[in-house]
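Let's walk through this model together, one part at a time. Keep the structure open as you read.

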Amino acid sequence: MHLPRTALEDWMRDFYFDTSIDLGSSGVQCWSLAELRRLLGITVEELDEIALDDSPSYGGPNLRRAVADRFAAGDTDRVMATHGSTEAIFVVMNALLSAGDEVVVPDPAYHSLTSVAEAIGCRLVRWRLRPETGFTPDLDELRALVTPRTRMIVLNFPHNPTGAHLTRGQFDDLLGLVDGHDLHLVWDAAFAELVYGQEPLPDPSTLHDRCIGLGTMSKAYGLPGTRVGWCLAAPEILARLVPLRDALTICLSPLTEHLAARALTDADLILAIRRAQAARNLDRLAAWAEDNADLVSWTRPSGGVTAFPAVVGVADTEELCRELGRRHDLLLVPGSGFGHPDRVRLGFGGAEDAFGEGLARLHKALVERRGTL
Ligand SMILES: Cc1ncc(COP(=O)(O)O)c(C=O)c1O
């Protein structure tokens, strides 16, 4: 299996750790262990009791219970904890797909949602989210791409990088589409709980046995360092993932499983803080974009913490983003990694002061750039 290098991860390797202002990544502001312990009342004694042993293959019972109660209608048999949703994407695709299968994927897409299926040898059929319609999903276009040869539909809503989302009506239509075909729906719900102006959608795995839901502590929960994610599916599907799990990671750490379980059990305590912060940043970004309509053009995201604006007059933003990293100490991600070189991925999940400073630096750089043209 040959996996290509990914432009997004290469960019993050170069700039994520070496810039002090983050206007590019796709999660909310991370929590420190001290903050987490204070908010959730996690005691040192409680942590001291954890044996640094292996965890069970499907994840520890407390974590599976917490995930199931929040996302899987309480059914722990439908939960497997994974090493981030990254492992879930990899094992689900490798267990369920074979070379030559047709797989419908979004375009643009987060890299591993397409690269893993492609490396298996699948034929990718791209469902385009189009800039000219503000990346609004068109279910009729999706329907037209699904044929009797389609073995999997892979979706990610709220969508990275555009922030596009499905309405509840579109979601119900999607389930109808799954019902009428012999395929699996892989539903990457990394940003499920980061929505603005609508309720989070349910996980489709609770509604249909051929739907598989993927989730993570990395985005809405601000805990990417736990490397805890999960896969929600019918028990027969989860059983097919075990051999891959055994070959890749065996199990997760009981320490980070414990932190994740505690965070999910009292999710509303930590979610509400970061979601409100992201919503304020989004309003600020909207005002900034309106003031700078001569510099950027964008569509306001409905979910997630990334927007995908075009930079006016710039056909390829890579050099601009490199310059922002090197001279302005600012992380911004070029759209080339998502197939739209005229755009940038702009993350608005960060600390409010830093976010404001980031927008000011971006404005300065764009104005300076325009002056030199
Ligand atoms: C849509 C989407 N899915 C999956 C992932 C993988 O995240 P993790 O492995 O940290 O859960 C990301 C990370 O950016 C993402 O944006």
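The paragraphs below go from the domains to the helix pairs and then to the ligand.

First, a word on the ground rules. You are looking at a predicted model, in which local features need pLDDT of at least 70 and side-chain atom pairs count only at pLDDT 80 or more, while totals for chains, interfaces and linings use all residues. Residues are numbered from 1 along each chain as its sequence is written.

Start with the overall layout. The domain assignment, which is automatic or from a database, gives domain 1 (7-32 + 269-366) and domain 2 (51-266). Their C-alpha centres are 25 Å apart. Where they touch, domain 1 contributes 28 residues and domain 2 contributes 29 residues; two residues are in contact if their C-beta atoms, placed from the backbone, lie within 7 Å. On the domain 1 side, helix 11 (267-291) and strand 10 (306-307) each give two or more residues, and the largest share, eight residues, belongs to helix 11. Helices (H or I, at least four residues) and strands (E, at least two) are DSSP runs, numbered from the N terminus. This side of domain 1 has 15 nonpolar, 10 polar and three charged residues. Here Ala, Val, Leu, Ile, Met, Phe, Trp, Tyr, Cys and Pro count as nonpolar, Asp, Glu, Lys and Arg as charged, and the others, Gly among them, as polar.

Now follow helix 11 to another partner. It packs against helix 13 (residues 352-372) at about 20°, with the axes 10 Å apart; axes are lines fitted to C-alpha atoms, for helices over the stretch in contact, and angles run from 0 to 180 degrees between N-to-C directions. The two helices are therefore roughly parallel, a label for angles under 35 degrees. Gln277, Arg280, Asn281, Arg284 and Trp288 of helix 11 make the contact with Glu352, Phe355, Gly356 and Leu359 of helix 13. By class, this contact holds three nonpolar, three polar and three charged residues.

Helix 5 and helix 6 (residues 111-120) form another pair, with axes that come within 10 Å and cross at roughly 30°. That angle makes helix 5 roughly parallel to helix 6. Thr86, Ile89, Phe90, Met93 and Asn94 in helix 5 meet Ser112, Leu113, Val116, Ala117 and Ile120 in helix 6. This contact has seven nonpolar, three polar and no charged residues.

What surrounds the ligand? Its shell has 13 residues, the closest being Gly84, Ser85, Thr86, Thr216 and Ser218; a residue counts as near if its C-beta atom, placed from the backbone, lies within 6 Å. Helix 5 (residues 84-96) supplies the largest share of this shell, three residues. By class, the shell has three nonpolar, nine polar and one charged residues.

Conventions
Angles under 35 degrees count as roughly parallel, over 145 as roughly antiparallel, 65 to 115 as roughly perpendicular and the rest as oblique.
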